[in-house]
Structure formats: structure tokens, C-alpha cells
Amino acid sequence: MTATLQEARRTSASRLLGALALAAAILAALCCASLLIGSRSVSPSAFAEVLAGRGTDELHTLLWEVRLPRTLAAVLVGAALAWAGTLMQGMTRNPLADPGLLGVSSGAAFAVTIAMSWFGVRSATGIAASAVAGAAIVTAAVLALGLRGAASGTKLILAGVAFSMTVSGVQSAITLLNPRALDAMRAWSAGSLASPNIGVLWQTLPLIAFGGILAFALARPIDALALGDDTARGLGSHPFLARAGTGIAAACLVGAATAIAGPIGFIGLMVPHFIRPFTGPNTARMILIGTPVGAALLLVADILARVVLWPGELPVGVVAAALGAPVILTVLRRRA
Amino acid sequence: MTRTSHPQSSPPVAPTQHDALPSPPGARWRWAAGVALLCAVLLAALAAGDLALSPSEVWAALTGTANDFTQTVVLAWRLPRALAAIAFGAALGAAGSIFQTLTRNPLGSPDIIGFNTGAYTGVLLALIIIPAPGFAATATAALLGGLAAAALVLLFSSRSGVGGNTFVLAGIAISAALGALNTWLVYKTDTATATASSVWAAGTLDNTRWELLQPVLGALAVIAVATALLVPKLRIIELGDDLAHALGLRVSATRLLLVGCAVALTAVTTAAAGPIMFVALAAPHLARATLPRTHPTLAAALTGALLLSIADWIAAHAFAPTQIPVGAVTVSLGGVYLTLTILFRKR
């Protein structure tokens, strides 16, 4: 009996490793594609030359100072959003939970708008701090409302969407009244990786790392919560600490991601749905596999954003919405 | 308790203009207060601006006894915008009331279920295909786009019905997808089209002039008459399909006509002023809370006119000299209202 169980564990572990390797390979290929594709496309042979240390200065600048930071930002933001989405879906037991749909990204973006237009914040630390503060406030509200039982499931999602709409209205009013702020954040407010703020990227790296570690640490308590608070307590986990930890992790991850790239929805929604068939409802595995998958998904969206209007480009948030809407509709149909 | 006699609990008699329902005492005063408030907002809209006028000066201009300059300012510049706010607000409020009654869903209003986004897609396509479309072409495109979006939403929520939150979520998903399509279209077109469409997309009454307003008001008047004729039947449908059948009403045909009227009201307004969110959603709720419930659609039209007039006044004057689009005001105020409604609605 134990032997079969162990064997089953081993096979599922090897399947997991296989899936992880496959996802990592796809991610690596997408990273290369992201370096090569854009308004000025680079041929693979030219890329090889640059790697070998030859190639023109112009190509060096393009690859290492424009495309590489952009690719790095996509990988970081994609992974952070996937972690946040997995944590939120696991904790709220709501298949539509997503930092974008719950309004957390909008909260972060709103805080940055206020900080930039009213308090003249321009420093990377200031932007990151205000984004995390905004994300934390909305996450706390979501958790409080969800816990009170007053608002669960679809109600919470609807409220999140309504909140996002409000924020977009207020943001457009603020930016119209304050043209200097408008210039600073026109591209950012639609969710864009076109010119990620490198300073913000370095500032938020510890936050993303902290959020990721917390996410892995929280995987087991979240699985225990699925059995109900009483059983979870019986298994030795603290439901309140698990929820508070999830809130902190989500606020750090979403705040950091929004500070880098602006509000990007739907990535956190899609990733858990894509990987659950391979991982089962095991949060630790979902977070592990979700890392390369989330990064790859945002890279795909970013590459599409550069391709569909070539040589111009779309904000990546728009592409993510177009990819994510069918997933919502599928979830709704499956539930109905 | 004076306000318990709403249509659901009343005997199944078609309410007509001379109402068969017992009007609660004070009903007339509530209506009168609503109309008086609307007149006050209208006066304020005519009086405020760079040239601040006193109420007596406005009155003189309206009756034709003021000097030429004041006449021009009030009648040619400010009156069209104020009238547009009232007419569009009333149209949106009435349409929202019809949609919410037919879907039996307090969130089932055209702005929530993707109609506005679809109408924008239609207008964008019209701007791209036809060089300089007139109002008729824009309105038709908005109508077709809105209908297509609504049809998609209905298709995706067919299994769960239109009464629940799934319907609203399907609308949100379709809106997100269409919004992405719209952004792509705006980026794809030339600068002139993009500028024209982005002014429209904000939802604004800034540029309302008589010559543009006349065809819109004409179209709205025709649809309003048709709606007024059909609305008494809506009260019968409200009693339930079976009872309505038993009372001799052709339920499906009537429902289709009513949807047609509501869609046309929204589409004409959207084509003229751009997508103005949340008036259609909030006006029926506000009407139920403040006005007698004997004529819900009329009451929603009145509160809609009030809401949009006040929002437009804020858009034009609260941040003077900068004008912000009225769409931004309604989204900001209505969004707060919607968030709180969803969270604290008792189920």
C-alpha cells in the first residue's frame, strides 16, 4: 500500500518536473523571441554575432539597454502576477479572483496617480512605496469584506470591477486637470512594458522576492484552509495568519508589478486555470509551475503587443484583457 | 406606511396615465419637488460660466427681454447643452429602467452589460469605413455595435439566465474584450480619426450646438412616444409571464418591442454624446428610493435627467477653467455608488 503510494508520488513528481522543464524551455525560447522581435527586428544571426561580442554599437544598445530590461520586466511582472493570482484564487476559493478583477491593481495605480500628481513624487522608491500602499489598502478591504461573509464570490468580483471603473474615471479627471501628470503616466496607466522604469525595477526586486518566498511558505496553510477553518486549525495552521500572510504577499507582489508596468489584469486570472490540469489543486505546485507559465504568458502578450500594430505597439494590458476575456467566459459557462 | 403600494403587490390592472393604483398621499409633492429641482439645476446651468448671470437675467434672456449678448450666451450657447443633458439623462434613465425590469436584475442596465463598449466599436468602425459620417450613420453604427455586443452577452449567459450576477460578469468580460478591440482600432487608424473618436469616447456634452442637437432631439422624441405607449405593458410583464399571457398580452412581441425602444434610446444618446456610464444604472435605483413607485419608468427618466444635469454642471464648472468630460464625472460618482450597492445590497 505504502509502496504504491510512494510510486504514485514519484510518478507525479516526475510529471511535475517534466512540466516545469517544458515551461522553462518555452520561457527561454520566448525570452529570445522577445529580444529579437520589435519595431526594428533583429535576425538570429545578428543576435549570435552580438552574443559573440561583435555586432554594431547600435545593436548592442538595442538588445542590452532596450529589449533586455523589457524582457526582464515582463518575466518579473508575469511571475509576480501569477503568484498573486494563485494565492488569491486559493484563499478566496473563487475561480475568478485576480488582482485586476478584484481592483487591487487599480488601487495600486490610483495611489501612484495621486502620489505623482498631488505630491509630485517621481523617485523610484516613492512610486514603489505608493503602489504597495494602494495595493495593501484594497487587499485589506477585499479580505475584510470576504471574511465578513457579506460579500463573497461574484459579488466581490463585481465590486472590484466597479471600483476599477471608478478609479479609471477619477484618474482621467486628475490627468486632465494636471497635464504634467498626464505626460508622466499616459503609457503607464494602460499597463505597458514599453519603457519600464529601471530604477523602479531594481527597487521592487526585493519586494517581489519577499512576496515569492511568502507565497511558497503559505502554500500549505492555504491548502489546509480549503478544508474549512476548524479542520485547518486541527492540522496546526492558523487561519488568520494564513489570510493575513496572503494579503501581505499579494499586496507586495501586485504593488511591485503595478509600479513596474502599470495595472495589468487577467494574467493572475489565467495562469491557475491553465496549469491546474497539470498540477491538481496543490498550491505549492501551482506556484512552482505558475512561475515560468506566468512569465511566459506576459511575454506572449508583450510580443503580441509589439506585433499586432507593427511598427507601432499596443499597451500590453490591452492584449492581456483580450486574452483573458475568453477565460472568464469559459469559467462562467462551466459554472452555470 | 404610505409607500408600500408598489406595482407588484397591486391588483393586476394596467396602470394608465389616470392611475388605477391608489396614489400615496404626498406623491404629488414628491413629483413636484423632483421637477422643481430639475428646473433649479437648469437655471444654474444657464447662469454659471465665464459670464456669471443672476437668475433674473437668465429669465430675461429666456423671455427675450435681455440684451443681445446675454441672449446669445444663454439661448445659443448654454441652453443646447443644458437641454441635451436633460434629454439624454431622461433617455438613459428610462432605458435603464426598462432593461432592469425586463432582466429582473438590478445591475442589468445597458452600460453594465457591454452595450456602450459595443456602440463605441460600431462608431469606430463607421469612422474608419466612412470618411466623415453624419449623425444618422454614427447612430446606426452605434446601434448595430451595441446590439451585437448585447447579443454576445446574451449568448454567453444563456445557460444561467439574465437574472443573476453571471449575466453581469459575462457583460464585463465582453466589455473587456471589446475594449481591447477598440484600443487596437484607435491606435490603428490615422491621427484625425483617432482624435475624433477619442473626443467621442470620453463622453462629453461640451460641443453641443443647436444644429447638431435638433436631429438628436427629434429622434429621441419619436422613440419617447413609442416608449410611453409601450411602458404600461411593461407593468403587466412585471407581474410574471404566465399572468401576462393570461391577461391577453403577447409577451414575447411586447418584450422585443420594449427592448428595441430601450436600445434605441441608449444608442441615439451614445451616438450623440459618447458613452456616459452609470446614469442608466443609478437612475432607476434612485427613482425607487425617492419618487412614488406608480410610474417607475417616468420616475427613472426624471432622476436620469437630474443626475446627468448635475454631473454636467460639475464637469463644466466645478474645476473651472478646465472642463472635464461629463463621462468622467458619471463614472467616478456612479462607480462609487455601484461599488457600495453591490457590497451592501441585502440578498
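1. Start with the loop between helix 3 (57-92) and helix 4 (104-118) of chain A, where A:Arg93 sits. Helices here are DSSP runs (H or I, at least four residues), strands are E runs of at least two, and both are numbered from the N terminus. A:Arg93 isn't a glycine, yet its phi is positive, about 50 degrees. A:Arg93 is partly exposed, as 13 other C-beta atoms lie within 10 Å. The cut-offs: 20 or more other C-beta atoms within 10 Å is buried, 12 or fewer is exposed, in between is partly exposed, with C-beta atoms placed from the backbone.

2. A word on what you're looking at: this is a predicted model, in which local features need pLDDT of at least 70 and side-chain atom pairs count only at pLDDT 80 or more, while totals for chains, interfaces and linings use all residues. Residues are numbered from 1 along each chain as its sequence is written, and chains are lettered from A and ligands numbered from 1 in the order in which they are written.

3. How far can you trust it? The model scores ipTM 0.80 and pTM 0.84. Chain B has an average pLDDT (the predictor's confidence in each residue, from 0 to 100) of 83, and 92% of its residues score at least 70. Within chain B, helix 12 has the highest confidence, at 92, and helix 7 (residues 191-202) the lowest, at a mean of 76. Watch residues 1-20 of chain B: their pLDDT is below 50, though the stretch has 29 contacts in the model beyond near neighbours in sequence.

4. B:Phe278 is another residue with a positive phi that isn't a glycine, this time near 80 degrees. Its spot is the loop between helix 10 (251-273) and helix 11 (279-290) of chain B. Is B:Phe278 buried or exposed? It counts as buried, because 29 C-beta neighbours fall inside 10 Å.

5. Helix 11 of chain B comes next. Nine of its twelve residues are buried, so the rest of the structure largely encloses it. Among the buried ones are B:Val279, B:Pro284 and B:His285. Their cover includes helix 3, helix 10, helix 12 and helix 13 of chain B.

6. Now the core. A nonpolar core is a set of buried Ala, Val, Leu, Ile, Met, Phe, Trp, Tyr and Cys residues joined through C-beta atoms within 7 Å. The largest one has 214 residues, and A:Val77, A:Ala80, A:Leu253, A:Ala256 and B:Val268 have the most contacts inside it. Helix 3 (residues 68-103) of chain B brings the largest share of this core, 16 residues. Leaving out residues up to four places away in sequence, B:Val268 touches B:Ala91, B:Ala139, B:Val216, B:Ala219, B:Leu220 and B:Ile223.

7. Where the chains meet, 31 residues of chain B are in contact with 35 residues of chain A. Contact here means C-beta atoms, placed from the backbone, within 7 Å. On the side of chain B that touches chain A, helix 6 (165-188) and helix 13 (326-344) of chain B each supply at least two residues. Helix 6 of chain B gives the most, with 16 residues. This side of chain B divides into 20 nonpolar, nine polar and two charged residues. (Nonpolar: Ala, Val, Leu, Ile, Met, Phe, Trp, Tyr, Cys and Pro; charged: Asp, Glu, Lys and Arg; polar: the others, Gly among them.)

8. Finally, the record. An unreviewed UniProt entry marks "transmembrane region" in chain B at several places, including residues 31-49 and 82-100. UniProt positions use the numbering here, feature names are shortened, and annotations may be inferred rather than shown by experiment. In the model, residues 31-49 of chain B are 89% helix and 0% strand, with end C-alpha atoms 29 Å apart. Residues 82-100 of chain B are 100% helix and 0% strand, and the end C-alpha atoms are 27 Å apart.

Definitions and conventions. Two residues are in contact if their C-beta atoms, placed from the backbone, lie within 7 Å.
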